[in-house]
Amino acid sequence: MLILLLSCAPAAAQDWTYRVRPGDTLWDLSGEYLKPGIPWQRLQAHNGVGNPYQLPPGSTLRFPLAWLQMQPLEARVIAVRGSVELFPGGTGAAVTASQGMRLGIGTRLVTAADASLTLELADGSRLLLRGDSELVLDRMSRYGRRGMVDTRLRLQRGRITNEVNPRKGAASFIVDTPTASSAVRGTEFRMDAGSGRTSTEVLDGRVAVSGGRRSTLLRQGYGAVVAAGDSGAIQPVALLPAPALPALPAVQARTRPELNWPALPGAVLYRVQVSDQPDFETLVADFSTPQPRATLPVLADGDYRLRVRAVDAHGLEGRDTVAGFRVEAQPEPPFAMAPAADAVVRDATPTLRWTASRYAQSYRYQVAASDDFAHPLLSGGDIAETATTLRGLAPGRYYWRVGSTDAAGKHGPYGDPVGFTLQPLAGIDGIDSDAGQDSREATFRWQAGEPGQRYRFQLSRSPDFKNMRIDEVVEQAQITVPRLRAGTWYLRAQPIAEDGYEGPFSATQAVEVPCRVCQAIVGSGALILLLAL
């Protein structure tokens, strides 16, 4: 069996070893396993059996593979995700893979970039074919009715993960690539067929790797790379250990969970895989990242399995860290719009605004003095609109967040906290003026605001300010204008913060400017009347 493990030679040059059971006879075993026309006497001679009537239980018999009956077998599609095309017999029209399909010898499988598929072979072994891969089922046979299974696969490109079943007596399990062959027995290993190179990583058991005239036996925890044109010895490389992934929250409240873990010495990349099946039979996500952190793609509500492993400078992927988590993120929270992060809000009654969220029937919000929302100051729910106005907040630093509620009344998670500073701009209560005095100029004054604040002053003949005489921004809390003509004038002032925020206008005031000519005429008439008396 060691020769079988280390050799990738044709099966005809090998023997299958059978352990004798109570009641076995040479002629019964010959009838069950040997091809028609091969007498039991040849099996007796091959094994040097003296008495064909006495086969001690527990002893072994060697069956040349060339003598054994061979029965073709099939593989079964256990799970499939994404677009996977099958080509029965290797050519012809493509067939879309589906769960439960049975595949015969010669079938070629091609996965799209985001697809994955798990096959169960006749001996119970399983194979995960990842995205952007091509695999051919070259040989799947059983020797005799209950004998060993012979499997030979050809990985043209892409990557596979194999779990070869050691309990079913698999005589031969060989994976070929354009640059190497791997013969295994009862093991878990991964293979990648890239451009001009093949990498093999052994997680459990042993794998015999050969390329050209070179070969080596990889033990558990080692990998090797076989490159085209390289005549040097195949060097086993210790696989990197599993990353120390911190404990994940059991429930993820966002559709794109974020991960981070300590950097691993020797790692140049990290492989991240997510599956919605406990045995990773298909992959929801499969990507690499150069940094020890990742943001997962959008995940629907449900249970998931995560595994992360480090990749070394040879391109060999190391041991897995596996974790489970549940996503409860629907309905998704809307995106916060205003106040924006770290905004300074000048309005004493700020308005929260957010986007509409799909599947949301209504919204709810919270406002707190800390981003953990341990003690919300304001909250509200059952809001049909995408905005709400806050009242009663004193100036200070606050955080707000908003969540969605669907038609069934299910509350989704709140969105990320958004911090803002409430710093209302003081309004202008009133304007003093000397416009009614007999002067060549008129000055208007009001209370000053914060340092750096400016003011807009407007003066109009009409209370609706459509016919304005003055509309000017000044640096000081006053303005001086030329002497006004007689009549009623309307005026107001508006504070402008240093950041450009424009506060509300003050209440409109009216000022009466007397007619000086009329006063003179009235004075002259009174004088004439006095002289006449």
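**Entry 1**

I looked up what covers the buried residues of helix 2, and the cover includes strand 1 (15–19), helix 3, strand 2 (60–64) and strand 11 (134–143). I took contact as heavy atoms within 4.5 Å. Helices (H or I, at least four residues) and strands (E, at least two) are DSSP runs, numbered from the N terminus.

I note that this is a predicted model, in which local features need pLDDT of at least 70 and side-chain atom pairs count only at pLDDT 80 or more, while totals for chains, interfaces and linings use all residues. Residues are numbered from 1 along each chain as its sequence is written, and side-chain values use heavy atoms, with hydrogens and water left out.

The buried residues of helix 2 are Leu 26, Leu 29, Ser 30, Glu 32 and Tyr 33. Buried means under 20% relative accessible area, exposed over 50%, and partly exposed in between (1.4 Å probe, protein chains only). Seen down the axis of helix 2, these residues fall within an arc of 165°, so they line one face of the helix. The arc is that of the directions from the helix axis to the C-beta atoms.

**Entry 1: helix 2 against helix 3**

I then examined the axes of helix 2 (residues 26–33) and helix 3 (residues 40–47), which come within 9 Å and cross at roughly 110°. That makes helix 2 roughly perpendicular to helix 3. Axes are lines fitted to C-alpha atoms, for helices over the stretch in contact, with angles from 0 to 180 degrees between N-to-C directions; under 35 degrees counts as roughly parallel, over 145 as roughly antiparallel, 65 to 115 as roughly perpendicular and the rest as oblique.

Helix 2 contributes Leu 26, Trp 27 and Ser 30 to the contact, and helix 3 contributes Trp 40, Leu 43 and Gln 44.

I traced an open sheet of 5 strands in the order 21-27-26-23-24, with mixed pairing. Two strands pair if DSSP finds at least two bridges between them. Strand 21 (251–252) and strand 24 (285–289) stand at the edges with a single partner strand each, so one side of each is left without a neighbour in the sheet.

In strand 23 (residues 269–275), 6 of the 7 residues are buried, so this strand is largely enclosed by the rest of the structure. Strand 23 runs antiparallel to strand 26, joined by 7 bridges, and pairs with strand 24 in the antiparallel sense over 5 bridges. I found Arg 309 to be the bridge partner of Arg 271 in strand 26, and Ser 288 its partner in strand 24.

Strand 26 (residues 302–311) and strand 27 (residues 321–327) run antiparallel, joined by 7 bridges. Gly 302 stands opposite Val 327 in strand 27.
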